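Colleague: Could you take me through one part of this protein closely, setting it against the whole chain before you come to the residue itself?

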Amino acid sequence: MDKLLNKQFSTIIGIMIVVAVIISFKNSSFHIPGNQEDYQPTQPIAFSHQLHAGEMEIACQYCHFGAEDSKHAGIPPANVCMNCHKFVNNTFNETRRADLENRKPVFSKEIKKIYASLGLDLDGIKVNDEIPTEWVKVHNVPDFVFFSHKPHITAGVDCAKCHGDVQTMTQVKQVEDLSMGWCLDCHRQEHDSIQSATGRTAYLQDCASCHY
Ligand code: HEC
Ligand code: HEC
Ligand code: HEC
Ligand code: HEC
Ligand code: HEC
C-alpha cells in the first residue's frame, strides 16, 4: 500500500515538473536573475544618450563600433570621448553663461572624470595611471545563451527593436525582457534575410543555435 502511494506521488511530482517546464517555455515570463526589464542603473559618469545620440545625432556605431563585426557592440573607450572632449569642457549653456559673465568657463565635473580615467590633468598632460571607467552593464543574457550582435546587424535588425529609443534616454534603461520567448517571437517571424533559405527558419528556433 505504502509503495503504491509512493509511486503515485512520484508520478504526480513528475507530471508537475513537466507542466512547469512547458509553462516556462510557453510564455517564458520565468526569469534568470539579473535580466530585468526596466533596469536603469546609475552610471559612474552622467553620460546622456539623449544629448549625444539624440540632439547631436552622433551615430550609434561611432561609439559602439563592435556591433557590426562582433559578438559585442562594446562600450567606447575614453579616447573616443576625447575626440570631442579635448575641446569641449562643458555644456554649451555653461560656456555661454561664462562668456556673458566675462569669466573662463568652469570644467564640467562629469567631463573631468573622463580626463581622470585617462590619467590626464585638465591641460591634457599625462600625470597618473589610467583607471578605466567602470560602466554598469544594463543588458545581460545568461552565460548559457549564445547571443551575437553581428548576425542581427547584418540582417538589418535595428538597435531600437531590442534596446528601444536609446536616443531619447538620459540614462539607459532595459525596455525588453530579453526572455527566451522574446527572442523566439522575433525568430518565428518572416525575415527578408531568411525568405530565400527555408532551412534558416528551423535553424533560428533550434535549441542548439542559442544554447551551446
Ligand atoms: C536582436 C536584438 C539586438 C539588437 C538588434 C541589438 N542589440 Fe545590443 N544587445 C542585445 C542583447 C541581448 C545584449 C546583451 C548581450 C549579453 O549580455 O551578452 C546587448 C548588449 C548591448 C550592449 C552592451 C555591451 C555589449 O556589447 O554586450 C551595447 C552597448 C549594445 N547592445 C548596443 C547595441 C547597438 C548600438 C545596436 C545597434 C547597432 C544593438 N545593440 C543592436 C540585443 C540586441
Ligand atoms: C562627437 C563629439 C562628442 C563625443 C564623441 C562625446 N561627446 Fe560628450 N559632449 C559633446 C558636446 C558638444 C557636449 C555639450 C553639449 C551641449 O551642451 O549641448 C557634450 C556633453 C557631455 C557631457 C555633459 C557635461 C555636463 O556637465 O553636463 C558629458 C558628461 C559627456 N559629454 C560625456 C561624454 C562621454 C563619457 C563620452 C564618451 C563615451 C562623450 N561625451 C563623447 C560632444 C561629444
Ligand atoms: C558618444 C558615444 C555614444 C553614442 C553616440 C551612443 N552610445 Fe550607447 N553607450 C555609450 C556609453 C559610454 C555607454 C555606457 C554608459 C551608459 O550606459 O550610458 C553606452 C551604453 C549603451 C547601452 C547599454 C549597454 C549595456 O550596458 O547593456 C545601449 C543599449 C546603447 N548604449 C545603445 C546605443 C544606441 C542604440 C545608440 C544610438 C541611438 C547609442 N548607444 C549611441 C556611448 C555612446
Ligand atoms: C527583432 C528580431 C530579433 C530578436 C528580438 C532576436 N533575434 Fe536573433 N536573429 C534575428 C534575425 C533577423 C537573424 C538573422 C537571420 C538570418 O539572416 O538567417 C537572427 C539570427 C540569430 C542567430 C543565428 C546566428 C547565426 O549563426 O547566423 C542567433 C544565435 C540568434 N539570432 C540569437 C538570438 C537571441 C539569443 C536572442 C534573444 C536574446 C535573439 N536572437 C533575438 C532577429 C532577432
Ligand atoms: C533564439 C534563441 C533561443 C532558442 C532558439 C532557444 N532558447 Fe532557451 N533561452 C534563450 C534565452 C535568451 C534564455 C534566457 C531567458 C532569461 O534570462 O530569462 C533561455 C533560457 C532557457 C532555459 C532556462 C529557463 C527559462 O525558460 O528561462 C532553458 C531550460 C532553455 N532555454 C531551453 C531551451 C530549449 C530546450 C530550446 C529548444 C526547444 C531552447 N531553449 C531554444 C534563448 C533561446
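Modeller: In this predicted model, 7% of the 212 residues of the protein count as buried. The protein has 12 helices and 0 strands, so that reading along the sequence gives the pattern α-α-α-α-α-α-α-α-α-α-α-α. Of the contacts between residues at least 6 apart in sequence, 61% join residues that are at least 24 apart.

Is A67 buried, exposed or partly exposed? A67 counts as partly exposed because 19 C-beta neighbours lie inside 10 Å of it, and a residue would need 20 or more to be called buried. Once the neighbours within four places in sequence are left aside, A67 is in contact with Q61, A73, H149 and I153. The surroundings of A67 also include K150, which is 83 residues away in sequence, although the two C-alpha atoms are 6.0 Å apart in space.

As for how far the model can be read, the pLDDT averages 86 over the protein, and 79% of the residues score at least 70. Over residues 18-29, however, the pLDDT is below 50, and this stretch has 6 contacts in the model beyond near neighbours in sequence. Where pLDDT is low, the predicted coordinates should not be read in detail.

Definitions and conventions
Residues are numbered from 1 along each chain as its sequence is written. Chains are lettered from A and ligands numbered from 1 in the order in which they are written. This is a predicted model: local features need pLDDT of at least 70, side-chain atom pairs count only at pLDDT 80 or more; totals for chains, interfaces and linings use all residues. Helices (H or I, at least four residues) and strands (E, at least two) are DSSP runs, numbered from the N terminus. A residue is buried if 20 or more other C-beta atoms lie within 10 Å of its own, exposed if 12 or fewer, and partly exposed in between; C-beta atoms are placed from the backbone. Two residues are in contact if their C-beta atoms, placed from the backbone, lie within 7 Å. pLDDT is the predictor's confidence in each residue, from 0 to 100.
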